[in-house]
Amino acid sequence: MTAFWPYDLPKAFTVSSYQETRPNNVIYSDVSTGPAKARRRTTSNVWDQSGNMVMTYGQYRSFLTFVSDTISDGAQAFWFPDRLGGPDLLVRIKEPPKASIDGNFWRVSLMLEVLP
């Protein structure tokens, strides 16, 4: 069964840190004359979401447990809240998370791969 993002963790990245990278999903083919032909590579492709989350010490502990135990250090996919309010997105952690202490909070940097 696919895991869900823990209820006690932030549901979104901070607004100022959020980035998404849409896939390069077009193939161009040269032709003898005129503009190149273009077509979609696939109808479903992966894309990236990244940003920071601010967590308390307790939330950061919960996050570490979720990553190491529940999703096997990021090897397994999980359901993550959609930033636009739609259905949850099936994602996987793309790169190891980075964290730093900022006063009494942890700033966690996360890159997710949104799966089709």
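One aromatic cluster is formed by Trp5, Phe13, Tyr18, Tyr57, Tyr60, Phe63, Phe66, Phe78, Phe80 and Trp106, where rings of Phe, Tyr and Trp (its six-membered ring) are paired if their centres lie within 6.5 Å, planes under 30 degrees apart counting as stacked, over 60 as edge-to-face and the rest as tilted. The model is predicted, so that local features need pLDDT of at least 70 and side-chain atom pairs count only at pLDDT 80 or more, whereas totals for chains, interfaces and linings use all residues. Residues are numbered from 1 along each chain as its sequence is written, and side-chain values use heavy atoms, with hydrogens and water left out.

By the ring-pair rule, the count comes to 12 aromatic pairs. Tyr60 and Trp106 form a stacked pair, at 4.2 Å centre to centre with 15 degrees between the planes. This pair links distant parts of the chain, Tyr60 lying in helix H1 and Trp106 in strand S9, 46 residues apart, with helices (H or I, at least four residues) and strands (E, at least two) taken as DSSP runs numbered from the N terminus. The charged end of Arg83 sits over the ring of Tyr18, 4.3 Å from its centre, the criterion being NZ of Lys or CZ of Arg within 6 Å of the ring centre and within 35 degrees of the ring normal.

In helix H1, the buried residues are Gln59, Tyr60, Ser62, Phe63, Phe66 and Val67. These residues cover an arc of only 160 degrees around the axis, which puts them on the same side of H1, the arc being that of the directions from the helix axis to the C-beta atoms. On the other side of H1, Arg61 and Asp69 are exposed.

Among the 23 residues of the largest nonpolar core, Trp5, Phe63, Phe78, Phe80 and Leu112 touch the most other members; such a core is a set of buried Ala, Val, Leu, Ile, Met, Phe, Trp, Tyr and Cys residues joined through side-chain atoms within 4.5 Å. Two or more residues are given to this core by each of S5, H1, S6, S7 and S9, and S9 gives the most, with 5 residues.

Technical notes
Buried < 20%, exposed > 50% of the residue type's maximum accessible area, 1.4 Å probe, protein only.
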